[in-house]
Amino acid sequence: LERVLSPALRLSHLVDQLLALARAEPSSAQAAEPVELPEIARNAAERWLPAAIGKKIDLGFELAPAVVPGNRLLLSEMLANLIDNALRHTPEDGTITVSCGSTEEGAWLAVEDSGPGIAPEEREKVFARFYQAPGSRSDGCGLGLAIVAEIARQHGGTVAVDDSPGLGGTRLRI
């Protein structure tokens, strides 16, 4: 049974990701409503804190007011994928910070971690469906960041990948 559990969980994750990708397709976009990004982040905390605690990862939040017109379900899914990705790549005793705010240019959302980072030559590739960087030890399916990019695009945003200035790993900023 133990040998069956791991592949079953991986398959369940893949199905969840494929469903999220299907929901993110333009044909299923719903009418935009004002969505408060700090509220989305607080809801994500409830879901992801137990996993972070289980890995001894400090999952912190730095939230400033930020409102975007959009689809609450899709924006929640986008943040969930960012946090899940960070948890998969951050080693035990690491740190992940979720932050949001707004500038004159608009609202932003970021997730940064103290993991190994994404090599500069891989940064554009990680948004392709089913792509995983060579040497990646993640048990993911390579859809999370493709979903993030599609949801960001549907909301008029972009995704930028760079080094986390404070934590030394990766920062993804929408």
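Keep in mind as you look that the model is predicted.

Let's begin with helix α3, which covers residues 72-89.

Now look along α3 for its buried residues: among them are Leu 74, Leu 75, Met 78, Leu 79, Leu 82 and Ile 83. An α-helix has 3.6 residues a turn, so residues three or four places apart point the same way. Glu 77, Asn 81 and Asp 84 are buried in α3 too.

What does α3 meet in α4? Residues of α3 including Leu 74, Met 78 and Asn 85 meet residues of α4 including Leu 145, Val 148 and Ile 151. The contact between the two helices is made up of 9 nonpolar, 4 polar and 1 charged residues. Two packed helices are described by the angle between their axes and the distance between the axes. Here, the axes of α3 and α4 (residues 144-154) come within 9 Å and cross at roughly 145 degrees, and the crossing is left-handed.

Our last stop is Leu 59, found in strand β2 (residues 58-63). Is Leu 59 buried or exposed? Its relative accessible area is 8%, under the 20% cut-off, so Leu 59 counts as buried. Setting aside neighbours within four places in sequence, Leu 59 is in contact with Trp 48, Leu 49, Ala 52, Ile 96 and Val 98. Ala 45 lies 14 residues from Leu 59 along the chain, and their C-alpha atoms are separated by 8.1 Å.

Notes
Residues numbered from 1 in each chain as written. Predicted model: local features only at pLDDT ≥ 70, side-chain atom pairs only at ≥ 80, totals over all residues. Heavy atoms only, no water. Helix = DSSP H or I, 4+ residues; strand = E, 2+ residues; numbered from the N terminus. Expected span 1.5 Å × (residues − 1). Buried < 20%, exposed > 50% of the residue type's maximum accessible area, 1.4 Å probe, protein only. Axes fitted to C-alpha atoms, helices over the stretch in contact; angles between N-to-C directions. Left-handed = near helix turned anticlockwise from the far one by under 90°. Contact = heavy atoms within 4.5 Å. Nonpolar A, V, L, I, M, F, W, Y, C, P; charged D, E, K, R; others polar.
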